[in-house]
Amino acid sequence: EAAVAQLLMLAGDDDSIAWAERAIAHAEAAGDKQILVQARVEWASAQTHRAQLRLSLAALRDVAQDARAIGDGVLLSRALNNTLTLLAPHNAESRAMRDELRTTAAASGFDKLGHVNVMWWDALAAQASGDLNAFRRTLDEWVSWMPAKKQLVEYQATAVALAAEEGRVADGRALLREDAFRAACTWDSSVVELTIARLNLDAVAQDSRQGRIDFELFVESAPLSDDWFARGIVVQAVASSLDVGISAAEIRARMLDGFLADHPARTELADAAEGLLALAGGDAARAVEMLRATLASAREHLPRFVEGSLHVSLASALLAQGDREGAVVAAHAALDALRSWPGWRRDRAEAMLGRLEGTAARPIGDLTARETEVAGLIATGLTNARLAEQLYISPKTAAVHVSNILAKLGLSSRTEIAAWSIRRELPTPA
């Protein structure tokens, strides 16, 4: 019965709870502690798809403690792994759980949830904390360990999300068109992040036609789990839907009152989105009130890059109210949240601050004409040696130019320089 409950839980079948409760009753009657804990792991894990986050979290914390008590490393590893979906990846409890999962899974020979799976959570922690370079670096390490099929769907979906964040629309859409990826991908809640990435690509490209298609895909998708990621997903979906021309009224009707109607945290999710909707509707006072309320707990409930975008929206709302000083403070807060997240979000924050302070100068520094030329060539994939040949300079001088660009733009890699160049459509020397 516990095994059937596990299979049904993994398939997202509501019958998993009934099977788990049956197993719990029989295990208690038989005095079998190991099967009792196993059944409780299935029951608690199944709750994450339909119960409120706080209830699911409490159940998983309890069963993890029971697994520790009976010394079952496999059950403890499963409980810890499932608990991680409910926690902010970058907080102290999540870090401690990842450390325990790595150690416990290794000691139990449970490789599936050991080092490789923890690496995935490490990547999500870097994403949540707003460190794009660490996010990409950890993902690249994770994918080198993963089986091909899982690698194809999860990594490629994340690669699309990265392309969206960096404004590389053509790259993101090329990934989506790959036949193997399309065949392997299923449109359900397990790839909701991909739906958001598609909407973000549409918003960056200002593609209202494709944006309408992806909006429909989102609101007709499988129910959203009540986990830590839900609030960020909804805020991104609302922001990008507005950017592609979906009206605030339709978003309220189709997304908040329709798609999220039965969600356990529907009120909290709607409140998190209300500031953006109020701003789109021209109600600056309401927008300021709701955005400030959302930002007050953003460190607990939202990734840093989403927090940064909300600060930019707050700056717009404050400016609409005539509070220029407050808008400047909000714009600086946005840049602080986005300081390690180069992409269109930081571009918008810089543009907002430049507008407010009456200067085109960016706090990250301007490039010289030669550095701009080098940045454009980096976007074509040239190495330092090829840059030197193209520009009739020494490889050492080319390397100095690249280092200067990284320092001035606050970037961490040539990939980020390329993305920056593409977003600004820098001319490439013939």
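User: Are helices α7 and α8 roughly parallel or roughly antiparallel to each other?
Analyst: Helices here are DSSP runs of H or I with at least four residues, strands are runs of E with at least two, and both are numbered from the N terminus. Helix α7 (residues 115-128) and helix α8 (residues 132-143) pack at about 165°, with their axes 8 Å apart, where axes are lines fitted to C-alpha atoms, for helices over the stretch in contact, and angles run from 0 to 180 degrees between N-to-C directions. Angles under 35 degrees count as roughly parallel, over 145 as roughly antiparallel, 65 to 115 as roughly perpendicular and the rest as oblique. The two helices are therefore roughly antiparallel.

User: What kind of model is this?
Analyst: Residues are numbered from 1 along each chain as its sequence is written, and side-chain values use heavy atoms, with hydrogens and water left out. Local features need pLDDT of at least 70, side-chain atom pairs count only at pLDDT 80 or more, and totals for chains, interfaces and linings use all residues, since the model is predicted.

User: How many nonpolar residues does the contact of α7 with α8 have?
Analyst: Contact means heavy atoms within 4.5 Å, and among the residues that make it are Val-116, Met-119 and Trp-120 of α7 and Phe-135, Leu-139 and Trp-142 of α8. Ala, Val, Leu, Ile, Met, Phe, Trp, Tyr, Cys and Pro count as nonpolar, Asp, Glu, Lys and Arg as charged, and the others, Gly among them, as polar. With 3 polar and 2 charged residues alongside, the nonpolar ones number 9.

User: How many residues does the largest nonpolar core have?
Analyst: A nonpolar core is a set of buried Ala, Val, Leu, Ile, Met, Phe, Trp, Tyr and Cys residues joined through side-chain atoms within 4.5 Å, and buried means under 20% relative accessible area, exposed over 50% and partly exposed in between, with a 1.4 Å probe and protein chains only. Trp-142, Phe-218, Leu-224, Val-238 and Met-255 have the most contacts inside the largest core, whose residues number 98.

User: Which residues does Val-219 touch, not counting those up to four places away in sequence?
Analyst: Val-219 lies in helix α13, and with a relative accessible area of 8% Val-219 is buried. Beyond those sequence neighbours, Val-219 touches Arg-254, Met-255 and Phe-259.

User: Is Gln-206 buried or exposed?
Analyst: Gln-206 lies in the loop between α12 (192-205) and α13 (208-219), and Gln-206 has a positive phi of about 55° although it is not a glycine. Most residues other than glycine have a negative phi. Because its relative accessibility is 68%, Gln-206 counts as exposed.

User: How far apart in space are Ser-94 and Trp-121, C-alpha to C-alpha?
Analyst: Ser-94 is placed in helix α6 (residues 92-108), where its relative accessibility of 2% makes it buried. Along the sequence Ser-94 and Trp-121 are 27 residues apart, while in space, C-alpha to C-alpha, their separation is 8.9 Å.

User: Which residues does Thr-294 touch, not counting residues up to four places away in sequence?
Analyst: Thr-294 lies in helix α17 (residues 284-296), and its relative accessible area of 8% means that Thr-294 is buried. Apart from those sequence neighbours, Thr-294 touches Asp-271, Ala-272, Leu-302 and Leu-310.
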